[in-house]
Amino acid sequence: MKQETTTTRTPPTGTPHIAAAPGDFAPLVLMPGDPRRARHIAETFLKDARQVTDVRGILGYTGTHLGVPMSVLASGMGIPSMSIYATELFRHYDVRRIVRVGTAGAIPLSVSLRDVIIASAAHTDSSVSGLLVGGVTLSLTPSYRLLRAAADAARWEEPVHIGPVFSSDHFYLDRPGVFDALAGRGTLAVEMEAAGLYAVAGAEGGEALAVLTASDHVRTGEALSAEERETCFDRAVRIAAAALLADV
Ligand SMILES: O=P(O)(O)O[C@H]1O[C@H](CO)[C@@H](O)[C@H]1O
Ligand SMILES: O=c1cc[nH]c(=O)[nH]1
């Protein structure tokens, strides 16, 4: 005989990619690419941090920094992944500001390993700059308020560089001429998410910035170890947090 069962169904909370309940995220969010870096930032930088999501291993935490509620959520790698998480944070969790805390490859010799780079603009070979407004190649830029606050905080965290970066859709980009041409136009580093974050913030009415640490050098071939890439971000995180707290 078929047995009758009753099931208690919890109404689903969250989005397809984030399991947090409404209110679980603070309006201010730090966003590294790497989930383990998100955990490290939560453990070392946020007070009373609690995990709020782990869907697909993308870890998110909320605590406080200098007494102000602040969250950290990993973005994963690349513009599509960043765009999903940034959109869901702005659209469904009332997040106001996201600052990416990422690694990047330094392009000119004037930028050394471990230097911090604040992305005042993001060039990209992604379709995102051309797709959003028909017939227009959008400039992808950060919030001026966050950029100004980060530049102010950078005075205590030298060496810091401020300028355009290249958000590439290709980690293994076998086109050295691209770096020469971008270097000739003042581009400081290559990474894979800033342009997507700036595009989403523009579309969703949020504020965004990317603060990067040079983890390797496309000219010299020097590179930090994977472990150092997880942990050597203190200066970048302090600058990013100062930007998040601008005028709060
Ligand atoms: O260290 P994260 O923040 O992930 O950033 C950089 O590292 C990844 C590539 O190794 C890409 O996501 C790139 O943008
Ligand atoms: O996207 C990235 C990140 C770090 N280093 C690179 O060369 N590219």
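Mentor: Helix α4 (residues 144–154) and helix α8 (residues 234–244) have axes that come within 8 Å and cross at roughly 135 degrees. Axes here are lines fitted to C-alpha atoms, for helices over the stretch in contact, with angles from 0 to 180 degrees between N-to-C directions. Helices are DSSP runs of H or I with at least four residues, strands are runs of E with at least two, and both are numbered from the N terminus. The angle makes α4 oblique to α8 (under 35 degrees is roughly parallel, over 145 roughly antiparallel, 65 to 115 roughly perpendicular, the rest oblique).

This is a predicted model, in which local features need pLDDT of at least 70 and side-chain atom pairs count only at pLDDT 80 or more, while totals for chains, interfaces and linings use all residues. Residues are numbered from 1 along each chain as its sequence is written, with chains lettered from A and ligands numbered from 1 in written order.

On the α4 side, the contact uses L146, A149, A150, A153 and A154, and α8 supplies R238, I239, A242 and A243 (contact means C-beta atoms, placed from the backbone, within 7 Å). By class, that is eight nonpolar, no polar and one charged residues. Ala, Val, Leu, Ile, Met, Phe, Trp, Tyr, Cys and Pro count as nonpolar, Asp, Glu, Lys and Arg as charged, and the others, Gly among them, as polar.

Methods. Two residues are in contact if their C-beta atoms, placed from the backbone, lie within 7 Å.
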